Amino acid sequence: MFVISVIAFAIQDGLGDPLQEMVGMSVSMEEREALREELGLNDPMVVQYLRFAGKAIQGDLGNSYFYGKPTLTVIAEHLPATLELVIGASLIIMLLSVPIGVYAAIRPQAWLAKFFMGVSTVGISIPVFLTAIVLIQIYSIGITVEWFPADTGWGQWLNGALSTEGGMPSYGRGDDLTHLFGTWYSGFFTELGLMHLVLPCVSLASIMLPLFIRLIRAEMMEVLQSDYIRYARAKGLSSARINFLHALKNTMLPVITVGGVQVGVMVAYTILTETVFQWPGVGLMFLEAITRSDIPLIVAYLMVVGLIFVITNTLVDLVYGLVNPTVKLTGKKA
Amino acid sequence: MKKLLAAFIGTMALATAPVALSAEATKELKMAYDADPVTLDIHEQLSGGILQLSHMSFDPLVRWTQELDFEPRLAESWTRVDDKTMRFKLREGVKFHSGNELTAKDVKFTYDRLKESQDFKAIFKPFSGINIIDDYTFELVTSEPFPLLLNTATYIFPLDSEFYSGETEDGKMKGAILKHGNSFASDNLSGTGPYRVTSRQQGVRMEFERFANYWDEESPGNVKKIVLTPIKENNTRVSALLSGGVDFIAPVPPTDLDRIKRDKNSDLVTMSGTRIIMFHMNQDRVEAFKNPKVRQAVAYAINQEGIAAKIMKGFATPAAQLSPAGYQGYNESLKPRYDVKKAQELMKEAGYEDGFTITMMAPNNRYVNDDKIAQAAAAMLARINIKVDLKTLPKAQYWPEFDNRSGDMMLIGWHADTEDSANFYEFLTFCTEAGSGAGQYNAGNYCNPEIDALVAKANVETDIEKRTAMLQEVEQRLYDDAAFVPLHWQDLAWASKKNVKIEPILNVMNFPYLGDLIVE
C-alpha cells in the first residue's frame, strides 16, 4: 500500500494542472497563484507527500478537488455501482463458463463444442468497448434490416428475423434503485434496475468468459486423463458422477486461483465498460478524475483498488483451503 | 348565508389557483449533457455548465434573445441616469424558492458577492458601486462610461440574500465562496428561476422540479420535472437519444450529425457558434514571425474553408476575424484569404523562400477535432516550406504549456464572456502586461499599442454606432497585420426527440432557456 501511494503520488506531475478545471479562463495569474498556494501545490513533492502520508495514517486521504468531499466518501458513493457490475458479470461468467467448458471437454469433437470454442476465440480478441457499442446498437437503438427483398415471403421473414426492436436501457442505472445500507443503492431488486444491468454486465463478461471457458476445458481434459478418473471408470461409476463430482472438483482448483486474480482485473476493466454505459461507478469516476487532474481522488482510488486486490487474493487463498483439504493454511506439521 | 358564500369563494379560489400557476406544467424531460454543474454555487465558477444552471434555477436582470438583443427579466426597465449610472426598476412580487420576496437588497447582496468571486470579479471590474433607491429601484455605477453595462447585467442572477446569510450549524458562513471543499452555497440554492433542485448526486444525476410560484406566468414552458444525467462519452449520449432513453442531448458530436438527421424520431438544431478557434504565432520565439509578411504568408497558406468542410464536416463557420456575426466588431468585408501562390510570394519577398522549422502545440481533448485541425494546419504550412514539429496534449497538460507560451504556434479557442468583441482583443491580442491581465492569452506576443488604445477608447464609448465603427477598424487592422491566424467559429448542435420543441429556446451562447421549453 505504501508503494502504491508513492507511485500514485509520483505520477501526478505528469497529469497536468488541476487548477485549469477549477477556475474560468479569464481568472488572472495572481488569483491562480494564490489558489495554488492555498492548496499547497507549490510545495516540494516530498513535503506534499509527507503531509499526505501523515493524514493517510489516520485514515484521511484528503479532499477531492472536484467533488469537494473526502475522497473516501466519494469512492464509497461510487463503489457499489461497480461492485454490482462485477457481481453481475461474475454470475454470468460462472453460470455459462462451467457448463460450456465441461461440455467442450467431454465431447471435444461435437460440432456444438467446436462452435463454442470458435466463438470464444473470436470473443477474446474483441475489445470490450466494441462489444458494448454493438450491444447498444442492437438491443437499445434497434436495427432495421432491409437486405432481402421485402416483397417475397422469405425476404420479409429474414428481414424481420434480423431486425431488432431495441429498447434496452443504454446508460446509467435507472431510477428504481433499492437502498440497502449506507451508500449502497442496489439495482438487483427491481425490474428496471436489472434491465439496466444486463448490457453492461454482458459486455464486461464478454472479455472474461472465453478465458474461463478455455481454462475449464483445458483443465478438465487434463483431469479426465488422470489415473483416478480411469479407475473410477473401471469401477463402473456413472459418467455423470465421474464428470461432475470427481473431475470437476479438481478442475476448479486452478480456476479459482485464476478467477480470484481476474476479479481484480475485472475491476480495472470496468473503467472501459463504465465509460461506454455511463455507469456511475468508480471506473468512470477515476477516468474523469484523471482528465480533471483531481490528484487526491486518483491517489485514493489507486489505494482502494490495491486494497481490493489484496483482499480478493487473501479470500482466494482461504477458499482454496476449503475446496482442497490437502492445502493447510495453519502450517501445522503433517 | 355568509358561510355558504365564503365556502363558495373558497372553492372558487381553489379551483382557479392552480390554473394561474401554469396548470399545463405536467411533462417530464430527461436530458443528457456532457457534464453536470460542478457546484450549486453559481458564483464559484464561470463556465458554460454553471451558466446553464443559472438560467434554470435563477433569473438574470436581463437576458439575451436569439437575435442578441436584450430581454427584460427581473429588471422590468432601465434608464441611463448619466454616463456612468444606469437605473433599474425591479419586477415586483417575484418569489425565491425559499418563499422570500425579491428586493433591491438581494441585488446588492449578489453584486457584492460577484465582486468577491474569483471568476467573476474580472467581469465586474468596471463597476464602482450599487445604490439602492427603494425596494424595487437601484442604480449600477461604473467608474468610467461603460458601453457593456447591459451585457454584464446578464450575469447578475439575484441570489436570495436571506437564504445565503448567517451561519450554518457548524459555524461556517453560508455566503462564503469556496473553490475547493464544500460550502453551504455549493450544496443549497434558492433563486427565482423556473426550476428548483430536488435532488443531486454529483456526476450521476440531478433532478429539477418546476417552481410552483414562478413569477413568469407568461412563460409557455410546460415541463414539470427535469432529470439531468451527465453522459461524457459522445457515442453513449447519442445512443441514449436514439434508443429513447433521453429526450434532449447537448452537445452533439459532429461525427454523429448525419446519424441523428437520418433518425425519424429525432430533431437536430445547429447554429453557428461564437467561440473562435485560432493560432497564435509567437514573435518572441520565432524571429521570422516579427515580419508581417511572414505572418501574412501563414494566414494565406491556411485554408479555413477546407478545414471547416473536411475536418469539421461543415460543423464550423470559416473565420477571417475574431468577432462572429452579430458582434459589434464583426467586419463583413473580411473574408478567409486562402491563396498558396500569394503565400509563397510573400515568403519570397520576406527572404524566407527556403522556409524554416517551427514547433506547434495544440490540445487534443478541448475543442472539437482540435488535434486534427493542428495536423491539417501543419500540412498546409509545409507547402510554403515551413516545417512544423507538432505536439498535441490533453488539456490538463496543455494549459500550463500555453501559459508558458512554450510553442511557436499555439492553438486556442476563445469565447467572449461579455458577448462583445473587445473581450477578444483584451485577452488575445493586447500587449501582454503582467498584473493587469491584459493579453493574458496572447501567446503570440503580438503587440500594437495603437490598436490597444483604440480598443480602450471604444470601451468608454457609449454611442453604439461610433463604437461599432471603432471595433470594426480594430478587426480590419488586425487582419491587415495578420496578428494571428483565425480558423473558424465552432458550431453548436443540440438534438431532441421530435415532440420536444427545443428550437425556440436555444441561442448562440448555449444557455437553453429550459423554463420556456414546450414538450408536446
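How many helices and strands does chain A have? Chain A has twelve helices and two strands. Helices here are DSSP runs of H or I with at least four residues, strands are runs of E with at least two, and both are numbered from the N terminus.

This is a predicted model, in which local features need pLDDT of at least 70, side-chain atom pairs count only at pLDDT 80 or more, and totals for chains, interfaces and linings use all residues. Residues are numbered from 1 along each chain as its sequence is written, chains are lettered from A and ligands numbered from 1 in the order in which they are written, and side-chain values use heavy atoms, with hydrogens and water left out.

**The two chains**

Along its sequence, chain A runs α-α-α-α-α-α-α-β-β-α-α-α-α-α. Chain B has 15 helices and 19 strands. The table lists values for each chain. Buried means under 20% relative accessible area, exposed means over 50%, and partly exposed lies in between (1.4 Å probe, protein chains only). Accessible areas come from the Shrake-Rupley method with a 1.4 Å probe, and for residues only the protein chains shown count as cover.

| Chain | Buried residues | Accessible surface | Share of carbon and sulfur atoms |
|---|---|---|---|
| Chain A | 46% of 334 residues | about 17,000 Å² | 68% |
| Chain B | 57% of 520 residues | about 20,800 Å² | 50% |

A contact means heavy atoms within 4.5 Å. In chain A, 67% of the contacts between residues at least 6 apart in sequence join residues at least 24 apart. For chain B, residues 24 or more positions apart account for 69% of the contacts with a separation of 6 or more.

**Overall form of chain B**

Along the principal axes, the C-alpha atoms of chain B fill a box of roughly 105 × 55 × 45 Å.

**Strands and a covered helix**

Two strands pair if DSSP finds at least two bridges between them. In chain B, strand β12 (residues 266–281) pairs with strand β17 (residues 484–497) in the antiparallel sense over twelve bridges. B:R275 has B:Q490 in β17(B) as its bridge partner. β12(B) also pairs in the antiparallel sense with strand β16 (residues 409–414) of chain B, over six bridges. There, B:M410 in β16(B) is the bridge partner of B:H280.

Helix α2 (residues 48–57) of chain B is mostly covered, with eight of its ten residues buried. Among them are B:I50, B:L53 and B:M56. The cover of the buried residues of α2(B) includes β1 (27–33), β8 (195–201) and β10 (223–230) of chain B.

**Backbone exceptions in loops**

Most residues other than glycine have a negative phi, and most peptide bonds are trans. The peptide bond from B:A250 to B:P251 is cis, with omega near -10°. B:P251 sits in the loop between β11 (248–249) and α7 (257–262) of chain B.

B:K313, a residue other than glycine, has a positive phi near 55°. B:K313 lies in the loop between α9 (304–311) and β13 (316–318) of chain B, and is exposed, with a relative accessible area of 55%. B:N510 is not a glycine either, and its phi is positive at about 65°. The loop between β18 (500–501) and β19 (518–519) of chain B holds B:N510, which counts as partly exposed at 24% relative accessibility.
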